[in-house]
Amino acid sequence: MRYVKLAGASVPAIGQGTWYMGEDPGRKAAEVAALQQGIELGLSLIDTAEMYAEGGAETVVGQAIAGRRDQVFLVSKVYPHNAGRQGMASACERSLARLGTECIDLYLLHWRGQHPLEETVDAFERLREQGKIKRWGVSNFDIDDLRELNNPACATNQVLYNPAQRGIEFDLLPWCQQRALPTMAYCPLAQAGRLLQHPVLAEIAERHGATPAQVCLAWVTRDDGLIAIPKAVAPEHVRLNAAAGALALTREDLRAIDLAFPAPTRKQRLAMV
(Lines give C-alpha, C1' and ligand atoms only; values in the text may rest on other atoms or scores of the structure.)
Protein backbone atom coordinates (compact mmCIF):
# COMPACT_ATOMS: atom_id res chain seq x y z
CA MET A 1 0.00 0.00 0.00
CA ARG A 2 1.27 3.46 -0.90
CA TYR A 3 0.88 6.26 1.65
CA VAL A 4 0.03 9.94 1.28
CA LYS A 5 0.70 12.88 3.57
CA LEU A 6 -2.67 14.27 4.63
CA ALA A 7 -3.36 16.80 7.38
CA GLY A 8 -0.05 16.11 9.07
CA ALA A 9 -0.50 12.34 9.01
CA SER A 10 0.55 9.48 6.76
CA VAL A 11 -2.57 7.76 5.41
CA PRO A 12 -3.11 4.94 2.92
CA ALA A 13 -3.77 6.03 -0.67
CA ILE A 14 -6.88 3.82 -0.55
CA GLY A 15 -9.34 4.35 2.27
CA GLN A 16 -12.96 3.46 2.96
CA GLY A 17 -16.04 5.40 1.98
CA THR A 18 -19.40 5.13 3.72
CA TRP A 19 -21.93 6.77 1.41
CA TYR A 20 -25.24 4.81 1.60
CA MET A 21 -24.20 3.05 4.80
CA GLY A 22 -26.56 3.34 7.75
CA GLU A 23 -29.71 3.42 5.62
CA ASP A 24 -30.88 -0.16 6.21
CA PRO A 25 -30.85 -1.48 9.80
CA GLY A 26 -30.70 -5.01 8.40
CA ARG A 27 -27.30 -4.30 6.83
CA LYS A 28 -25.75 -2.52 9.78
CA ALA A 29 -23.86 -5.51 11.15
CA ALA A 30 -22.37 -6.26 7.72
CA GLU A 31 -21.35 -2.62 7.28
CA VAL A 32 -19.66 -2.51 10.68
CA ALA A 33 -17.86 -5.77 9.93
CA ALA A 34 -16.72 -4.48 6.52
CA LEU A 35 -15.18 -1.34 8.00
CA GLN A 36 -13.45 -3.39 10.69
CA GLN A 37 -12.11 -5.80 8.07
CA GLY A 38 -10.82 -2.83 6.09
CA ILE A 39 -9.01 -1.45 9.13
CA GLU A 40 -7.35 -4.83 9.69
CA LEU A 41 -6.23 -4.85 6.03
CA GLY A 42 -4.69 -1.40 6.28
CA LEU A 43 -7.53 0.75 4.97
CA SER A 44 -7.29 2.97 8.03
CA LEU A 45 -8.73 6.15 6.51
CA ILE A 46 -12.52 6.20 6.89
CA ASP A 47 -14.59 8.94 5.25
CA THR A 48 -18.14 9.73 6.31
CA ALA A 49 -20.51 12.70 6.64
CA GLU A 50 -23.46 13.92 8.64
CA MET A 51 -25.44 13.87 5.37
CA TYR A 52 -25.03 10.13 4.83
CA ALA A 53 -28.27 8.55 6.05
CA GLU A 54 -28.71 11.73 8.13
CA GLY A 55 -26.08 10.58 10.60
CA GLY A 56 -26.69 6.87 10.17
CA ALA A 57 -23.35 6.30 8.48
CA GLU A 58 -21.53 8.07 11.29
CA THR A 59 -23.26 5.76 13.75
CA VAL A 60 -22.05 2.74 11.76
CA VAL A 61 -18.52 4.15 11.74
CA GLY A 62 -18.71 4.79 15.48
CA GLN A 63 -19.53 1.16 16.14
CA ALA A 64 -16.80 -0.01 13.75
CA ILE A 65 -14.04 2.02 15.38
CA ALA A 66 -15.05 1.42 18.99
CA GLY A 67 -11.98 0.16 20.81
CA ARG A 68 -9.71 0.86 17.83
CA ARG A 69 -9.97 4.64 17.42
CA ASP A 70 -6.19 5.01 17.54
CA GLN A 71 -5.91 2.83 14.40
CA VAL A 72 -8.10 5.10 12.28
CA PHE A 73 -7.77 8.42 10.47
CA LEU A 74 -11.33 9.74 10.67
CA VAL A 75 -12.83 12.14 8.12
CA SER A 76 -16.32 13.59 8.33
CA LYS A 77 -18.18 16.39 6.59
CA VAL A 78 -20.54 19.15 7.65
CA TYR A 79 -23.65 20.20 5.72
CA PRO A 80 -23.30 23.65 4.08
CA HIS A 81 -26.33 24.96 5.97
CA ASN A 82 -24.59 24.02 9.23
CA ALA A 83 -21.30 25.68 8.26
CA GLY A 84 -21.82 28.95 10.17
CA ARG A 85 -20.24 29.87 13.50
CA GLN A 86 -23.08 28.51 15.62
CA GLY A 87 -24.40 25.78 13.38
CA MET A 88 -21.04 24.09 12.89
CA ALA A 89 -20.36 23.83 16.60
CA SER A 90 -23.65 22.00 17.13
CA ALA A 91 -23.24 19.83 14.02
CA CYS A 92 -19.75 18.79 15.08
CA GLU A 93 -20.96 17.84 18.55
CA ARG A 94 -23.64 15.63 17.02
CA SER A 95 -21.10 13.98 14.73
CA LEU A 96 -18.68 13.40 17.60
CA ALA A 97 -21.46 11.75 19.61
CA ARG A 98 -22.46 9.45 16.74
CA LEU A 99 -18.81 8.60 16.01
CA GLY A 100 -18.09 7.94 19.68
CA THR A 101 -14.94 10.04 19.65
CA GLU A 102 -13.67 13.28 21.14
CA CYS A 103 -11.92 14.49 18.02
CA ILE A 104 -12.30 14.21 14.23
CA ASP A 105 -8.99 14.04 12.37
CA LEU A 106 -10.23 15.95 9.33
CA TYR A 107 -13.52 17.86 9.08
CA LEU A 108 -14.70 19.01 5.65
CA LEU A 109 -17.24 21.46 4.27
CA HIS A 110 -19.34 19.14 2.10
CA TRP A 111 -19.98 21.76 -0.58
CA ARG A 112 -20.37 25.53 -0.73
CA GLY A 113 -23.56 26.99 0.68
CA GLN A 114 -25.01 30.24 1.97
CA HIS A 115 -22.41 30.99 4.64
CA PRO A 116 -19.42 33.15 3.65
CA LEU A 117 -16.19 31.19 3.47
CA GLU A 118 -14.62 33.49 6.05
CA GLU A 119 -17.32 32.57 8.57
CA THR A 120 -16.93 28.85 7.83
CA VAL A 121 -13.16 29.06 8.27
CA ASP A 122 -13.64 30.88 11.59
CA ALA A 123 -15.96 28.08 12.72
CA PHE A 124 -13.43 25.43 11.67
CA GLU A 125 -10.63 27.24 13.48
CA ARG A 126 -12.68 27.53 16.66
CA LEU A 127 -13.30 23.77 16.64
CA ARG A 128 -9.61 23.14 16.05
CA GLU A 129 -8.65 25.40 18.97
CA GLN A 130 -11.13 23.53 21.16
CA GLY A 131 -9.61 20.18 20.18
CA LYS A 132 -12.80 18.95 18.52
CA ILE A 133 -11.06 18.59 15.14
CA LYS A 134 -7.39 18.34 14.18
CA ARG A 135 -7.57 19.83 10.68
CA TRP A 136 -10.18 21.02 8.21
CA GLY A 137 -10.68 21.01 4.47
CA VAL A 138 -13.28 21.26 1.72
CA SER A 139 -15.20 19.10 -0.72
CA ASN A 140 -16.63 19.81 -4.17
CA PHE A 141 -14.57 23.00 -4.57
CA ASP A 142 -13.51 24.04 -8.06
CA ILE A 143 -10.38 26.05 -8.70
CA ASP A 144 -12.15 29.42 -8.37
CA ASP A 145 -13.56 28.34 -4.99
CA LEU A 146 -10.09 27.38 -3.77
CA ARG A 147 -8.64 30.67 -4.99
CA GLU A 148 -11.33 32.55 -3.12
CA LEU A 149 -10.71 30.44 -0.01
CA ASN A 150 -6.98 31.19 -0.28
CA ASN A 151 -6.12 29.57 3.02
CA PRO A 152 -3.02 27.40 3.54
CA ALA A 153 -4.69 25.69 6.50
CA CYS A 154 -7.02 23.87 4.11
CA ALA A 155 -5.81 20.26 4.20
CA THR A 156 -7.61 18.69 1.21
CA ASN A 157 -10.23 19.00 -1.48
CA GLN A 158 -12.53 15.99 -1.93
CA VAL A 159 -13.99 15.72 -5.43
CA LEU A 160 -15.49 13.27 -7.91
CA TYR A 161 -12.74 11.52 -9.88
CA ASN A 162 -12.47 8.29 -11.85
CA PRO A 163 -11.45 7.32 -15.41
CA ALA A 164 -14.84 8.36 -16.77
CA GLN A 165 -14.83 11.68 -14.86
CA ARG A 166 -11.49 13.39 -15.54
CA GLY A 167 -12.58 17.02 -15.69
CA ILE A 168 -10.42 18.04 -12.72
CA GLU A 169 -7.28 17.17 -14.68
CA PHE A 170 -7.54 20.29 -16.87
CA ASP A 171 -6.86 22.86 -14.15
CA LEU A 172 -8.04 21.88 -10.66
CA LEU A 173 -5.82 18.85 -10.09
CA PRO A 174 -2.61 20.50 -11.41
CA TRP A 175 -3.35 23.57 -9.26
CA CYS A 176 -3.66 21.36 -6.16
CA GLN A 177 -0.57 19.34 -7.04
CA GLN A 178 1.53 22.50 -7.49
CA ARG A 179 0.55 23.51 -3.95
CA ALA A 180 0.97 20.03 -2.44
CA LEU A 181 -2.76 20.01 -1.58
CA PRO A 182 -3.94 16.37 -1.45
CA THR A 183 -6.99 15.43 -3.48
CA MET A 184 -9.46 12.86 -2.17
CA ALA A 185 -11.40 11.07 -4.92
CA TYR A 186 -14.95 10.04 -4.12
CA CYS A 187 -16.78 7.57 -6.37
CA PRO A 188 -13.44 6.27 -7.73
CA LEU A 189 -15.35 3.27 -9.12
CA ALA A 190 -18.22 5.39 -10.50
CA GLN A 191 -20.52 3.66 -8.01
CA ALA A 192 -19.59 0.27 -9.56
CA GLY A 193 -21.71 0.90 -12.65
CA ARG A 194 -20.99 0.67 -16.38
CA LEU A 195 -17.41 1.87 -15.96
CA LEU A 196 -16.34 -1.47 -14.50
CA GLN A 197 -17.72 -3.29 -17.56
CA HIS A 198 -15.49 -1.42 -20.00
CA PRO A 199 -13.46 -3.86 -22.15
CA VAL A 200 -10.23 -1.85 -21.84
CA LEU A 201 -10.33 -2.05 -18.06
CA ALA A 202 -11.15 -5.75 -18.32
CA GLU A 203 -8.16 -6.34 -20.61
CA ILE A 204 -5.77 -4.50 -18.29
CA ALA A 205 -7.17 -6.35 -15.31
CA GLU A 206 -6.63 -9.71 -17.01
CA ARG A 207 -2.99 -8.85 -17.72
CA HIS A 208 -2.41 -8.14 -14.03
CA GLY A 209 -4.55 -10.91 -12.60
CA ALA A 210 -6.73 -8.21 -11.09
CA THR A 211 -10.28 -6.86 -11.41
CA PRO A 212 -11.48 -3.76 -13.30
CA ALA A 213 -12.27 -2.16 -9.94
CA GLN A 214 -8.69 -2.67 -8.80
CA VAL A 215 -7.43 -1.14 -12.05
CA CYS A 216 -9.61 1.92 -11.41
CA LEU A 217 -8.26 2.31 -7.89
CA ALA A 218 -4.68 1.93 -9.07
CA TRP A 219 -5.31 4.52 -11.79
CA VAL A 220 -6.93 7.05 -9.44
CA THR A 221 -4.05 6.75 -6.95
CA ARG A 222 -1.27 6.62 -9.55
CA ASP A 223 0.21 10.00 -8.59
CA ASP A 224 1.38 11.38 -5.26
CA GLY A 225 -1.23 13.28 -3.30
CA LEU A 226 -4.20 11.28 -4.59
CA ILE A 227 -6.44 9.28 -2.25
CA ALA A 228 -9.38 7.06 -3.24
CA ILE A 229 -12.24 6.30 -0.87
CA PRO A 230 -14.28 3.42 -2.33
CA LYS A 231 -17.19 2.01 -0.36
CA ALA A 232 -17.46 -1.75 0.10
CA VAL A 233 -19.57 -4.02 2.27
CA ALA A 234 -18.97 -7.47 0.79
CA PRO A 235 -15.87 -9.02 2.44
CA GLU A 236 -14.36 -9.95 -0.94
CA HIS A 237 -14.73 -6.37 -2.21
CA VAL A 238 -13.00 -5.04 0.91
CA ARG A 239 -10.14 -7.49 0.38
CA LEU A 240 -9.80 -6.56 -3.28
CA ASN A 241 -9.81 -2.85 -2.49
CA ALA A 242 -6.98 -3.32 -0.02
CA ALA A 243 -5.01 -5.44 -2.49
CA ALA A 244 -5.36 -2.75 -5.16
CA GLY A 245 -2.84 -0.72 -3.20
CA ALA A 246 -0.11 -3.01 -4.50
CA LEU A 247 -1.14 -2.82 -8.16
CA ALA A 248 1.20 -0.76 -10.35
CA LEU A 249 -0.06 0.11 -13.83
CA THR A 250 2.40 0.18 -16.71
CA ARG A 251 2.84 3.00 -19.24
CA GLU A 252 1.03 0.79 -21.72
CA ASP A 253 -1.88 0.45 -19.31
CA LEU A 254 -2.05 4.20 -18.78
CA ARG A 255 -1.95 4.90 -22.53
CA ALA A 256 -4.79 2.42 -23.09
CA ILE A 257 -6.90 4.14 -20.42
CA ASP A 258 -6.14 7.54 -21.93
CA LEU A 259 -7.36 6.33 -25.33
CA ALA A 260 -10.52 4.83 -23.87
CA PHE A 261 -11.20 7.75 -21.52
CA PRO A 262 -9.54 10.86 -22.99
CA ALA A 263 -8.25 13.53 -20.67
CA PRO A 264 -10.06 16.91 -20.90
CA THR A 265 -8.81 19.46 -23.42
CA ARG A 266 -10.81 22.39 -22.02
CA LYS A 267 -12.28 23.63 -18.79
CA GLN A 268 -15.27 21.58 -17.61
CA ARG A 269 -17.84 22.33 -14.97
CA LEU A 270 -16.96 20.50 -11.74
CA ALA A 271 -18.85 17.21 -11.71
CA MET A 272 -20.70 16.27 -8.53
CA VAL A 273 -22.95 13.45 -7.40
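Cys-176 is buried, with a relative accessible area of 1%; buried means under 20% relative accessible area, exposed over 50%, and partly exposed in between, with a 1.4 Å probe and protein chains only. The model is a predicted one, in which local features need pLDDT of at least 70, side-chain atom pairs count only at pLDDT 80 or more, and totals for chains, interfaces and linings use all residues. Residues are numbered from 1 along each chain as its sequence is written, and side-chain values use heavy atoms, with hydrogens and water left out.

**Cysteines**

How many disulfides does a search of the whole structure find? The search gives 0 disulfides, a disulfide being a pair of cysteine sulfur atoms within 2.5 Å. Cys-176 is in no disulfide, and the nearest cysteine sulfur, that of Cys-154, is 8.3 Å away. For Cys-92, the closest cysteine sulfur is in Cys-103 at 8.3 Å, which is too far for a bond. Cys-92 is also buried, with a relative accessible area of 1%.

**Nonpolar cores**

In soluble globular proteins, nonpolar side chains tend to be buried together. A nonpolar core is here a set of buried Ala, Val, Leu, Ile, Met, Phe, Trp, Tyr and Cys residues joined through side-chain atoms within 4.5 Å. The largest such core has 74 residues, and Tyr-107, Leu-146 and Leu-149 touch the most other members. Helix 8 (residues 212-220) gives the most to this core, with 7 residues; helices (H or I, at least four residues) and strands (E, at least two) are DSSP runs numbered from the N terminus. A second, separate core has 17 residues, including Leu-45, Ala-155, Cys-187 and Ile-227.

Not counting residues up to four places away in sequence, Leu-149 touches Leu-117, Val-121, Trp-136, Val-138, Phe-141 and Cys-154, where contact means heavy atoms within 4.5 Å.

Asn-241 sits in helix 9 (residues 235-243) and is buried, with a relative accessible area of 6%. With the sequence neighbours up to four places away left out, Asn-241 touches Ile-14, Leu-43, Leu-217, Pro-230 and Ala-232.

**Helix 2 and helix 3**

Two packed helices are described by the angle between their axes and the distance between the axes. Helix 2 (residues 56-65) packs against helix 3 (residues 85-99) at an angle of about 45°, with axes 7 Å apart. Axes are lines fitted to C-alpha atoms, for helices over the stretch in contact, and angles run from 0 to 180 degrees between N-to-C directions. Helix 2 is therefore oblique to helix 3, since angles under 35 degrees count as roughly parallel, over 145 as roughly antiparallel, 65 to 115 as roughly perpendicular and the rest as oblique. Helix 2 contributes Glu-58, Thr-59, Val-61, Gly-62 and Ile-65 to the contact, and helix 3 contributes Ser-95, Arg-98 and Leu-99.

**Exposed loop residues**

Most residues other than glycine have a negative phi. Two exceptions are tabulated.

Gly-209 lies in the loop between helix 7 (199-208) and helix 8 and is exposed, with a relative accessible area of 70%. Gly-209 and Ser-44 are 165 residues apart in sequence and 25 Å apart in space, C-alpha to C-alpha.
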